[in-house]
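Trainee: Could you help me learn to read pockets and strands? I would like to start with the picture.

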Amino acid sequence: YVWHVKDEETKATKSAVQRHWGVPYFLNTTLVNNKEVSESFEMWFAISGGGAMAHSDSYTLQTVSAQFSGSKKWRLMMFPDLQTVFESFNEFDRGVYEVNRWAPEYEFEVGPGQCVIFPPAYMHETFADPKDNPSCSASTTFQYVGPFPSRYLRNFLSRFTNSHLASTSFGMMLWGPYATIEPKSPKCTTDTALISKRARGKMAQLDG
């Protein structure tokens with residue numbers, strides 16, 4: 001069960017919870033992170049044997065998951081390399097299983113007082129193993145702004161372009177400038193002459 005404090009509660013309830021919420025010491029040194037962490041947190045509760053099926057979150061920022069009680073086994077993988085929009089799939093719970101693209105690269109356990117940090121679009125699955133969790137386990141997730149994974153986004157922007165983050169979560173508006181060296185992303189096109197012209201312009205800019 002997830003308690004969406006950030007966007008599904010009344011302002012009064014959210015404010016009451018925030019009064020008991022402390023921004024982690026490693027993110028409370030800047031105003032922008034302070035605000036993002038305080039505004040974005042959710043609470044997760046997993047019964048023994050519960051968890052979340054593999055999915056990609058709808059967040060365009062980095063996510064921290066901190067374990068309060070109990071433990072969770074995590075499996076994660078990089079977002080699949082989608083060459084065209086026709087390879088897109090349901091990126092939420094279990095969709096990646098249905099297209100046989102689930103191939104976890106990392107597996108580990110997170111216990112009380114520990115956290116895992118992962119970048120936008122990273123697919124992940126969790127499981128509260130009954131032998132380690134006789135009762136409900138509790139954790140929280142939240143996002144932060146900086147440091148921003150600009151090199152990661154530049155390297156993988158082409159595959160993220162075909163994900164839900166680009167089309168429904170304004171990913172391209174946030175990420176595009178990191179890859180294009182422009183304050184605004186250029187309009188998408190299939191015109192090869194225009195693409196070549198843009199590339200020559202960028203090379204001249206860099207060489208300039």
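Trainee: Which element gives the largest share of the lining of the second largest pocket?

Mentor: This is a predicted model, so to speak: local features need pLDDT of at least 70, side-chain atom pairs count only at pLDDT 80 or more, and totals for chains, interfaces and linings use all residues. Residues are numbered from 1 along each chain as its sequence is written, and side-chain values use heavy atoms, leaving out hydrogens and water. On a 1 Å grid over the protein atoms alone, a pocket is an open set of points with protein on both sides within 12 Å along at least five of seven lines, and lining residues have an atom within 4 Å of a point. Strands are DSSP runs (E, at least two residues), numbered from the N terminus. Here β9 gives the largest share, four residues.

Trainee: How much space lies in the second largest pocket, and which residues are closest to its centre?

Mentor: A volume is the space filled by probe spheres set on the grid points, which are joined across faces, edges and corners. The second largest pocket holds about 280 Å³. Of its 23 lining residues, Trp44, Gly51, Ala52, Lys72 and Thr126 are the closest to the centre.

Trainee: Where does Thr126 pair?

Mentor: Strands pair if DSSP finds at least two bridges between them. Thr126, in β8, is the bridge partner of Ala52; β3 and β8 pair in the antiparallel sense over three bridges. Five bridges join β5 to β8, also antiparallel, with Met123 of β8 as the partner of Met77.

Trainee: Is β8 mostly covered or uncovered?

Mentor: Buried means under 20% relative accessible area (1.4 Å probe, protein chains only). β8 is mostly covered, with four of its five residues buried.

Notes:
1 Å grid on protein atoms, 1.4 Å probe; cavity = no way out; pocket = protein on both sides within 12 Å on 5 of 7 lines; lining within 4 Å. Buried < 20%, exposed > 50% of the residue type's maximum accessible area, 1.4 Å probe, protein only.
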